[in-house]
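Here are a few exercises to work through with the structure open beside you. Try each one yourself before reading the solution.

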Amino acid sequence: MNSVPATSYRQPAVFFGHGSPMNTLQHNRHTDAWASFGRRLLQHPPSSVLCISAHWYIHGTAVTATAAPRTIHDFGGFPKALYEVEYAAPGSPELAQRVAELLSPLAVALDRNWGLDHGTWSVLAHVFPQAKIPIVQLSIDASKPPLFHFQLGQKLAALRDEGVLIMGSGNTVHNLRMVNWDHDAPAHDWALRFDERVHDCLVNGDHTSLIDYERLAPQALLAVPTPDHYLPLLYVLGARQPGDDLRFITEGIELGSISMLAFAFS
């Protein structure tokens with residue numbers, strides 16, 4: 001039974017390239033774009049958010065099912081101020097149960113240990129700074145191929161008409177071994193080319209090429225050396241509905257090899 005109230009307004013499906021956790025504390029062109037997107041959302045605010053973050057990458061499918069998810073500081077080597085950030089948004093056991101229903105017969109664990117990792121709160125600290133909207137996270141099953149994740153997005157698309165914002169958080173280009181920590185570092189050519197290819201496929205509605213991303217461009221293995229940060233995009237792509245407009249929120253390569261591409265279907 002649908003336990004999440006319906007709404008007459010279809011919520012977007014949005015992907016954020018979240019980049020460094022330090023974006024939580026910084027104001028730059030990307031975080032300003034996130035904040036602007038959030039202000040527009042508040043014209044028709046979502047009842048809750050379902051986030052698929054690159055940083056909950058496990059063997060199995062699970063959803064956070066606590067009423068008060070903890071803030072997880074899942075990183076090292078950053079300033080003390082970042083570890084003091086608490087994003088105290090409520091959870092939604094009701095939405096967690098609804099996600100499990102929509103993904104049936106897939107086994108979905110109702111997880112009461114995980115909370116909100118920085119793939120979620122580093123972005124939402126700008127999008128919804130008041131932390132009042134309930135948040136549920138959905139894990140990424142590391143054992144499954146890309147098509148599986150796209151198909152889960154298709155099953156979850158109905159949530160958009162139930163007041164739920166579907167959010168993927170990762171990076172289309174994410175190669176930490178090739179990072180240049182100079183903040184004025186130019187983008188690697190291969191990073192630019194792969195990101196441009198993703199952009200073009202989004203504009204052209206070429207879902208097949210985005211799902212089969214390892215063949216998307218010669219630079220794919222450099223751009224996506226591991227799938228964890230790319231796969232959230234496929235959930236958002238799967239949640240695309242006929243008639244959706246595509247809107248790019250922000251773009252650009254930071255630190256040479258991290259894409260900040262963010263877009264929404266609405």
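A residue counts as buried when its relative accessible area is under 20%, and as exposed when that value is over 50%. Keep in mind that this is a predicted model.

**Exercise 1.** Work out whether Asn175 is buried or exposed, and find what it touches.

*Solution.* Start by locating the residue: Asn175 sits in the loop that runs between strand 6 (164-170) and helix 6 (189-204). Next, take its relative accessible area, which is 6%. That is under 20%, so Asn175 is buried. Finally, look at its surroundings, skipping neighbours within four places in sequence: Asn175 is in contact with Trp190, Leu222, Ala223, Pro225, Ser257 and Ile258.

**Exercise 2.** Describe how helix 3 and helix 5 are placed relative to each other.

*Solution.* First, pick out helix 3 (residues 93-103) and helix 5 (residues 146-156); their axes come within 9 Å and cross at roughly 115°. Angles from 65 to 115 degrees count as roughly perpendicular, so that is the label for helix 3 and helix 5. The crossing of these two helices is right-handed. Now for who touches whom: Val99, Leu102 and Leu103 come from helix 3, while Leu152, Lys155 and Leu156 come from helix 5. Sort the residues of this contact by type and you get five nonpolar, no polar and one charged.

**Exercise 3.** Now find the angle at which helix 1 and helix 4 pack, and sort the residues of their contact.

*Solution.* Helix 1 (residues 29-41) packs against helix 4 at an angle of about 60°, and the axes are 7 Å apart. On the helix 1 side you'll find Thr31, Trp34, Ala35, Gly38 and Leu41, which meet Ser122, Val123, His126 and Val127 of helix 4. The tally for this contact is five nonpolar, four polar and no charged.

Conventions: Residues numbered from 1 in each chain as written. Predicted model: local features only at pLDDT ≥ 70, side-chain atom pairs only at ≥ 80, totals over all residues. Heavy atoms only, no water. Axes fitted to C-alpha atoms, helices over the stretch in contact; angles between N-to-C directions. Helix = DSSP H or I, 4+ residues; strand = E, 2+ residues; numbered from the N terminus. Parallel < 35°, antiparallel > 145°, perpendicular 65-115°, else oblique. Left-handed = near helix turned anticlockwise from the far one by under 90°. Contact = heavy atoms within 4.5 Å. Nonpolar A, V, L, I, M, F, W, Y, C, P; charged D, E, K, R; others polar. Buried < 20%, exposed > 50% of the residue type's maximum accessible area, 1.4 Å probe, protein only.
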